Amino acid sequence: MSATMDLEADRLARATLRRNARNRWVAYISLSLGVLIFAFPIWITVVGSTHDVSTIGRGDVPLWFGGEAVANYVSAWLTGGEATRTTRSVPAWVMLWNSLNMAVLIAVGKIAISLLSAYAVVFFSFPGRMVAFWLIFITLMLPVEVRIIPTFEVMVNLGLINTMTGLVVPLIASATATLLFRQFFLTIPDEYVEAAKIDGAGPLRFFKDVVLPLSITNIAALFVILFIYGWNQYLWPLLIVTDRDLETVVVGMTKMIGNGDAQNEWNIIMATAVLAMLPPVAVVVFMQRWFVKGLTETEK
Amino acid sequence: MRKKVIFKGTLLPWLLLLPQLLITGVFFFWPAGQAIYGSFLREDAFGLSREFVGLENFSDILADPTYLAAGWNTVVFSSAVAFSALGIALFLAVQADKAIRGTNFFKTMLIWPYAVAPAIAAVLWLFMFHPQIGLFGRMINGMGILWDYKLNGGQAMTLVVVAAAWKQVSYNFIFFMAGLQSIPRAVLEAAAIDGARPMRRFWTIIFPLLAPTSFFLLVVNIVYAFFDTFGTIHALTGGGPGQATTTLIYKVYVDGVQNLNFGSSAAQSVILMAIVILLTAVQFRFIERKVHY
């Protein structure tokens with residue numbers, strides 16, 4: 001009796017182990033395949049950026065590095081390759097500098113004005129509070145794409161075309177960041193405010209000494225997300241910037257492709273693509289914890 | 001939820017709100033108002049005068065076959081992007097959630113494409129599928145299949161869908177991972193003890209519990225496919241060949257910025273505004289439910 005039960009249990013246990021092993025193999029193989037599909041386009045691009053222009057132009061795309069890496073990256077960094085018929089070339093360092101400025105200013109600006117407005121909405125009671133909140137909330141429904149021409153007209157009238165101010169300021173209004181900070185401020189216990197009041201601290205003092213230090217984690221997480229958001233802007237710089245000295249790297253590098261002629265300096269273009277990807281990817285990889293936190297908390 | 005203890009004053013809170021409200025007023029509400037106002041006007045050929053035409057702009061674009069084609073492209077493009085990005089992400093998340101070694105490595109390697117700009121994602125795929133210089137582009141041509149996404153509309157659409165979905169998988173993956181981790185292990189173990197096989201456990205426990213995450217992601221993915229993929233299309237196909245990859249957003253850009261068609265572009269903007277409002281409403285209704293669980 002017990003011998004047969006043991007046998008049965010043994011059979012089940014071995015079946016389960018086998019299934020678990022098979023299960024693990026399925027996981028490993030599919031994850032590796034996934035990683036491969038995600039990494040391969042980058043691999044091709046990085047490899048391509050180390051060959052000379054004729055190798056790529058001929059279509060003999062190599063799978064391993066060539067010897068032109070230094071030459072290509074120096075050329076991309078300093079000159080941006082040769083000018084095409086329609087556009088003059090811009091050195092990658094200029095475009096990267098513009099992108100960096102834009103991304104940091106957008107992230108800092110969004111965080112600053114959202115902190116202030118969330119603070120006003122949560123910690124004060126004043127006439128028009130809900131109106132202000134809804135006005136900010138509604139901007140969620142008005143992405144640039146749906147008000148493209150009139151916004152452009154406003155920019156022209158204000159003389160903001162081809163300026164860093166024009167590139168940054170219209171993008172720093174943020175309903176999502178305001179909502180996130182509002183959500184977080186609501187969790188700050190009432191006792192803190194009471195204690196501050198008893199100690200004679202005014203609202204600005206309370207903001208600086210209590211609310212701001214408590215928000216550091218949220219600010220860091222949000223900064224990572226907003227930096228990437230700013231760096232990857234496309235339509236807005238495409239509209240606002242015609243002066244190539246203010247070109248951002250994402251838009252600038254797609255302009256280098258033009259109509260995608262096989263005669264393009266593909267090696268320089270690929271080197272620029274690598275340079276354009278590097279900063280935001282580095283931010284995600286090295287600040288992964290902040291990044292995941294920022295993403296899962298802002299987007300709801 | 002409301003704070004019980006709050007500061008007094010009217011001027012200070014308005015001052016704190018001023019920068020945000022100023023920017024939204026000048027760059028959001030005023031232009032949006034202009035778009036709505038402009039959608040009822042028509043500009044003469046020389047851009048000298050504008051006259052009121054009622055709903056004519058709307059009836060014109062809704063009768064315009066190129067607009068309807070762009071609408072259909074948008075539907076095809078968005079659903080293809082959303083479903084492939086969601087499906088692949090869910091599959092990978094379930095695999096990465098298994099108790100295996102090296103999950104952190106896999107996670108990092110699957111997360112980083114989020115940081116790649118949509119336009120750059122397009123360029124990466126262009127490098128691979130360019131008919132003359134692309135590795136796969138040449139390979140397909142070598143097999144005797146005529147491949148040129150600059151000439152063939154179906155191929156162009158396929159390529160923009162792949163480039164757009166490729167980038168969005170990592171976003172969905174992060175949220176599915178978070179969703180999977182919040183499923184109580186005890187429930188899964190109980191099911192396993194009761195003899196439920198992995199497939200059955202997935203369809204009867206994991207999938208239903210992930211439904212709120214999936215629905216939220218579906219809306220986010222549709223919004224992404226609608227609005228954030230402008231760069232992908234602009235860099236890869238420029239809306240072509242012909243109109244094969246022109247979506248509604250791309251058409252607003254072409255009609256407004258390149259063709260300077262004032263009234264039509266304003267009316268298109270208003271239609272898009274209605275779509276965003278609808279999507280946002282759906283999203284927030286759902287989130288309200290999630291909060292009240």
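**Core and domains**

Colleague: How many residues does the largest nonpolar core have?
Modeller: This is a predicted model. Among the residues with the most contacts inside the largest nonpolar core are Tyr119(A), Ile120(B), Val123(B), Trp125(B), Ala163(B) and Phe173(B). The core's total is 170 residues.

Colleague: Which element gives the largest share of this core?
Modeller: The core draws at least three residues from each of domain 1 (2-78) and domain 2 (92-298) of chain A. The largest share is 17 residues. Those come from helix H4 (residues 92-123) of chain A.

Colleague: Which residues does Ala163(B) touch, not counting residues up to four places away in sequence?
Modeller: Ala163(B) is among the core residues with the most contacts inside it. Contact here means C-beta atoms within 7 Å. On that basis Ala163(B) touches Ala121(B), Ala122(B), Trp125(B), Thr232(B) and Leu236(B).

Colleague: How far apart do the C-alpha centres of domain 1 and domain 2 of chain A lie?
Modeller: The assignment puts domain 1 at 2-78 and domain 2 at 92-298. In chain A, 15 residues of domain 1 are in contact with 14 residues of domain 2. The C-alpha centres lie 34 Å apart.

Colleague: Which element gives the most to the side of domain 1 of chain A that touches domain 2 of chain A?
Modeller: Helix H1 (2-48), helix H2 (53-58) and helix H3 (69-78) of chain A each give two or more residues to that side. By class, that side has six nonpolar, seven polar and two charged residues. The top contributor, with five residues, is H3(A).

Key. Residues numbered from 1 in each chain as written. Chains lettered and ligands numbered in written order. Predicted model: local features only at pLDDT ≥ 70, side-chain atom pairs only at ≥ 80, totals over all residues. Domains from an automatic or database assignment. Contact = placed C-beta atoms within 7 Å. Helix = DSSP H or I, 4+ residues; strand = E, 2+ residues; numbered from the N terminus. Nonpolar A, V, L, I, M, F, W, Y, C, P; charged D, E, K, R; others polar. Core = buried A, V, L, I, M, F, W, Y, C linked by C-beta atoms within 7 Å. Buried ≥ 20, exposed ≤ 12 C-beta atoms within 10 Å, placed from the backbone.
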